[in-house]
Amino acid sequence: MLLIPCPYCGARPELEFSYGGEAGIARPENPAALDDAAWSRFLYERTNPRGPHDERWRHTHGCGRFFNARRNTLTDLFVISWKVGEAVP
Amino acid sequence: MTQGFRTPSGGRIDRSVELRFSFDGRYFSGYAGDTLASALLAHGVHLMGRSFKYHRPRGVIAAGPEEPNALVQIGTAAHAVPNLRATQVELFDGLVAESQNRYPSLERDIGGLSDLAAPLFPAGFYYKTFMWPAWGWKRLYEPFIRHASGLGRAPDAPDPDVYAQRYVHCDVLVVGGGPSGLAAALAASRAGARVILCDEQAQLGGSLLNEPAGEEPGWREATLRALAQSPLVTLLARTTAFGVFAQNFVGLVERVTDHLAQPGIALPRERLWQVRARQVVMATGAIERPLIFPGNDRPGIMLAGSARTYLNRYGVKPGTRAVLATSCDEAYLTAHAFAQAGIPVAAIADLRVEASAAAMAARNAGFDVRLGAGVIGTAGRLRVGSVTVQGSGGQRETISCDLVAMSGGRTPTVHLFSQASGKLRYEPGIGAYVPDADTEGMVAAGACRGVSGLESVIADGEQAGGLAAKRVLAPLQTRKPKRSQPPFGSPAELAKLPEGKGRAFVDFQNDVTSKDVAQALREGFVSVEHVKRYTTSGMATDQGKTSNINTLALMSAGLNSEVPDIGLTTYRMPYTPVTFGALAGAARGTLFDPVRKAPLHDWAEAKGAVFEDVSLWKRARYFPVGRESMHQAVARECKAVRNSAGIFDASTLGKIEVVGPDAAVFLERMYVNGFRKLAVGRTRYGVLLREDGFVADDGVIGRIAENRFHVTTTTGGAPRVLAVMEDYLQTEFSDLRVWLTSTTEEWAVIAVQGPKSREILDGLVEGIDISPAAMPHMSLREGRVCGAKLRLFRVSFTGELGYELNVPSDQAPRIWEAIWEKGASLGLAAYGTETMHVLRAEKGYIIVGQETDGTVTPDDVGLSWAIGQAKPDFVGKRSLARPAMKAPDRKQLVGLETVSSVSALEEGAQIINSAGRKSLGHVTSAYHSATLGRPIALAMVAAGRARMGEVLHVPMPGGDLDVRVVSPVFYDPEGVRLHA
Amino acid sequence: MQHFSAFALARNALTGHRGWQKQWRSPEPQSEYDAVIVGGGGHGLAAAFHLARDFGMNRIAVLEKGWLGGGNTGRNTTIIRSNYLFQESSSLYDHAVKRWETLSQTLNYNVMFSQRGVMMLAHTVHDVQVFQRHVYANRLNGVDNEWLSAEAAKEFCPPLRISPGMRYPVLGAALQRRAGTARHDAVAWGYARAADAMGVDIIQNCAVTGILRDAGGAVAGVETTRGRIATKKIGVSAAGSTSLVMGMAGLRMPLESYPLQALVSEPVKPVFPCVVMSNTIHAYISQSDKGEMVIGAGTDAYISYSQRGALHVTTHTLEAICELFPDFRRLRMLRNWGGIVDVTPDRSPIIAKTPIPGLYVNCGWGTGGFKATPGSGHLFAYTIAKDEPHPINAPFTIERFRDGVMIDEAAAAAVAH
């Protein structure tokens, strides 16, 4: 059970959270302007790295807030977390 | 029966408490503090098991959890536990034990025939045969293999015991209650840390229990006393740490009652402790290694350290005449102990050519120490009777004995460190892996990191405990890695093992021999995982505790490669096997998943409703009256709704209060519909898509005020819809000023549907004009009912004039009763989900999850009208424009009528046309319509809307049924009744 | 290739089994091959086997970064079935089941394929609808599947509990009798030996570090930890590592890699005759020929390459198993492990050409790749050899997501209403 560093609540156990996938996949401002390939990239393409991964978590059974975190997908250790809207470390 | 092999005194058993037990139907006695193994040895019983493949007679080689041979079944019927190690079974009065894997008895096992045929059964033989004839595998070979496989028998009745679970936090978890662990726990607690100390044995002390009083007599007792008195310390005996997970989350299993004759009902059988420790000290000791020589598996051949344990701890003489075989100094301790106990030592065969100090001392004390000598064969069927020793000059001598104590060195127990992603380092001096640098969260202490000698391991533990306590409070502290000390035991290279005839076993339980390992290498299985899997060495229930390093040594010799270059198999939890029940805990029966009950559940139950599970909810499916079948009840309920009125509990549907100046904008971005122009007091049927364009959820949305919407969702979709909304609101649409609150459980929803519904509510509802002109279809009003708050929706899922009363949940039962009473004279009937399904199907209304399956667009199910065409964007809009989403042959919602059959179609049945047997779609909903007096069905059919009137076919086991494609709206297509 | 048989076993017994040859060589990589398969698991080895045997390509290498069969092929719960909902899927998996039925003879290696039946349990009205739809769809598509009442399900699997006291009582089950299990390691080893015998070079401990392209952008070769290898055709069959390998060619994939755990119990005498799976009470179980109960469930919640997961996934899985089979509560977990499964947006695989000429990919099998091994290998080889997909794998493209064609098996089962 991971200990996940919620930027609002501190380190809390994994069962309090929902995983939110890769971070930084911004919804395009004007979807109509994208061709199918570009739209598909937004919907489905993911970095899926072996190493540091910027991802989203929601503290569902806590403060309820989404936040971003960097976790190493090989060691599962968290490096840092930051609030939505803050600059990416 | 006398215990002929007890020492006259000594041992940590309580000779004043005699216990009776049975093994394979024979009765014996033992003492409190015995294990099953020690008690049997006290009677001279060495034969305790049969090996897995060859059914060779086996005795114990060890005294602890590393025991590979003596597997027994304890208890009977529902309390039976198979595959227990006799060395770990604590004796209690009345214990019933049976050996396993033998027929008809241990002494005469017909499986022993496979030992005679052993040359036909080398490693991996089953991959090379059983292929001809082709039908032979299923009918002959596999049944035979399966029957021969397995060790004990699974219980054949439900487990009557309960299991408990706890979560705890601590500063320092010390795993292992031997000298290092005790010292570490004491040091850590003295430094102010909260400590948990666990040990798998019934008594704490570890290796201290196996020796007569050591250099510090009383140290163990004094330390235990200090620990027991400290409020900072929790001592857990009979508790095994079986796995370490991310960030020092450690799983422990405590065995609470298995050692008790009468456990009683108040205690759980086992307890799972899930520990989050700031720091872990691993003080798990080291396990002795067997020597690999031909015939090394006969009963009476055991590990030298374990033999000493039986002598010192249990007061048992493991034999009457011993030979020692060794490649390290450990065996000499045993030689002295044997001599002192009056067991003559016929010879000591030391593989090392140079005499160590211990060897010299033994020689000087009069022992026959032969250097450069090794055992090349043994004899004796049910008990070892002699060994053949080959000396350094090649001369051979056969020596009679009934006890062989062997020692190939000790392997530090490093599993937990590796699970914690700690790096291991190979120490050639001891021929094993030790923890390298401490990890951020774990330090190792004592024998498990190669330290030996009582004073040293205590000091090492003290240091580790102090360091761990420091690291709890202060940032990362480190210490220098320790060099392991040779006196710990340096094994001679196995390449120096003299060749002998006969099989030399490396994994006892799975009957893996050195020849098997050689064969694997010969066949090209050269990686350590391949060798393990091909030979199955290390894959038995002892998980290779006495065989893994020896297998590596054999590989090293065979590949002419250094051990560290061969690699290690990954250490995985559990360290020793863990009962399913301990992990499953209390989650069984009604506690398996929470049961969610709607506000009117009790009323429905009292009325005899039959319930169904809809996600976590119990929903009333129908209300049979008298001896009605479901079919009859549903027909009656449907008729009642259409002719007078029905009352239905719709409370499980999700509700979300969407509030804020941008609430309408938010809903327009989320749903396909327009909402900005929805007037206050009006409702709209909302359709929610996934971003990839497929229908995700639906529900009626009402505008309570300019900035306040009451959004409903499906029952099963409620948590998901709210989560999706929060996701978009917090991360994409964070510019919007909107707040979301789940109100699913705040509002009970009482649906009153039918031509008499207005009449029934008239007079009950206060402050709302429910006349048709004042409250048209798809409107909502706030007021009161029976004095309680009311949000009244005029909506209908049945196609009749109808209302849904949203009232505070705790008020719902009395309000429902009031409506029920008022409606009694007007023909009001209670109806359930089944009737709800039929009535909405008659109107062609879809149910998300029944007509849709995650691959369906709004247009597919005829909901294009709901889309706000002027909206530039909403979730899913862009995806709808993709080519496949608009393809003309997409499956579309249609109705189906059976051409001649009077029975309803089967849901899920496929639909084809005359052109071939390729599926055009499937039946999504099918019912007998009491309203129409015939079967109706909804279906998704390729290009369905262009097929109106076409006859298609539904293949059934009895033949194809003809169906006609019709509009999905079977009843009142104009909607006259809706707008009454 | 030394022929395996009982006779050969007996004959070799006479010489102490010293006459067995290597089942595969450990060759040094050559500088060039006609085709290179990246990934030495079951799918990759099967593809190499078919390329050599059926498509006349004789200079083929399989590059495996670790030991062959050491990825998901060596870690799965060995379930084989083809009772999927959509016709594209059931055809794909049944293409494999048909080959499983003769695989031991084809490879002259006993893969222990056991058609003991796979039973999918229904616990709610929604489950019943979903599984009956499966039964009808499968039967129409020529795949066996039949509906059983709860009592008939218990008769087929006596340890199954069907009593009404359960939180989610069993309402019935869908049974595919031709489905079952096989011995996973044997599959990898059998394909490796057969492929090696036809001259395929299986190169272990060889990680691909780069994909080389020519001036026109087509595949020219690979860079590896054991040197550069030239080739015009690369078939990537790397499961959880696919994103990493494809990234070397500059391609981002619609894939995410999750941990999938599994466990076995201590071996016991035979007591469990088939495979049982439950979606609602999420777990699946069978008993291996060694006597161990083989148990699995779903993935951990977040992407990871650690090959380990959380304890609560294991406890939830065992809660489910003990609820369905209360007699097993006293059995003990002997080993627990994890792998890395690559999951696509619709949880169906990709077996296809890529936008890069000469680069082919076989991935996205998620938690269900082992069952498809013989079929997948054949179809991937076909695609590589002919530079176009076989009709059976034609729907499983990378582009289907862009176009909105989802073969979404999970969606139908998952949505409760």
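Tutor: In this predicted model, helix H7 (residues 304-312) of chain B packs against helix H8 (residues 330-341) of chain B at an angle of about 30°, and their axes lie 8 Å apart. Here axes are lines fitted to C-alpha atoms, for helices over the stretch in contact, and angles run from 0 to 180 degrees between N-to-C directions. Because of that angle H7(B) is roughly parallel to H8(B), where angles under 35 degrees count as roughly parallel, over 145 as roughly antiparallel, 65 to 115 as roughly perpendicular and the rest as oblique. The helices (H or I, at least four residues) and the strands (E, at least two) are DSSP runs, numbered from the N terminus.

H7(B) passes H8(B) in a left-handed crossing, a term used if the near helix is turned anticlockwise from the far one by less than a right angle, with right-handed used if clockwise. On the side of H7(B), the contact (heavy atoms within 4.5 Å) is made by B:Ala304, B:Gly305, B:Ala307, B:Arg308 and B:Leu311, and on the side of H8(B) by B:Glu330, B:Ala331, B:Leu333, B:Thr334, B:Ala337, B:Phe338 and B:Ala341. The residues of this contact of H7(B) with H8(B) divide into eight nonpolar, two polar and two charged; Ala, Val, Leu, Ile, Met, Phe, Trp, Tyr, Cys and Pro count as nonpolar, Asp, Glu, Lys and Arg as charged, and the others, Gly among them, as polar.

Residues are numbered from 1 along each chain as its sequence is written, while chains are lettered from A and ligands numbered from 1 in the order in which they are written. Local features need pLDDT of at least 70, side-chain atom pairs count only at pLDDT 80 or more, totals for chains, interfaces and linings use all residues, and side-chain values use heavy atoms, with hydrogens and water left out.

Further along chain B, B:Ile348 lies in strand E17 (residues 345-350), and B:Ile348 counts as buried because its relative accessibility is 0%. Buried means under 20% relative accessible area, exposed over 50%, and partly exposed in between (1.4 Å probe, protein chains only). Not counting residues up to four places away in sequence, B:Ile348 touches B:Leu324, B:Thr326, B:Tyr332, B:Ala335, B:Phe367, B:Asp368, B:Val369 and B:Arg370. The C-alpha atoms of B:Ile348 and B:Gly374 are separated by 9.1 Å, although these residues are 26 residues apart along the chain.

Next comes an open sheet of chain B, in which three strands stand in the order E19-E20-E21 with antiparallel pairing; two strands pair if DSSP finds at least two bridges between them. Strand E19 (374-379) and strand E21 (396-400) of chain B stand at the edges, each with a single partner strand, so one side of each is left without a neighbour in the sheet. From one strand to the next the twist averages 25°. Five bridges join E19(B) to strand E20 (residues 386-390) of chain B in the antiparallel sense, and B:Gly377 has B:Thr388 in E20(B) as its bridge partner.

Lastly, strand E37 (residues 708-713) of chain B is mostly covered, with five of its six residues buried. Strand E34 (residues 654-659) of chain B pairs with E37(B) in the antiparallel sense over six bridges, and B:Lys655 stands opposite B:Thr712 in E37(B).
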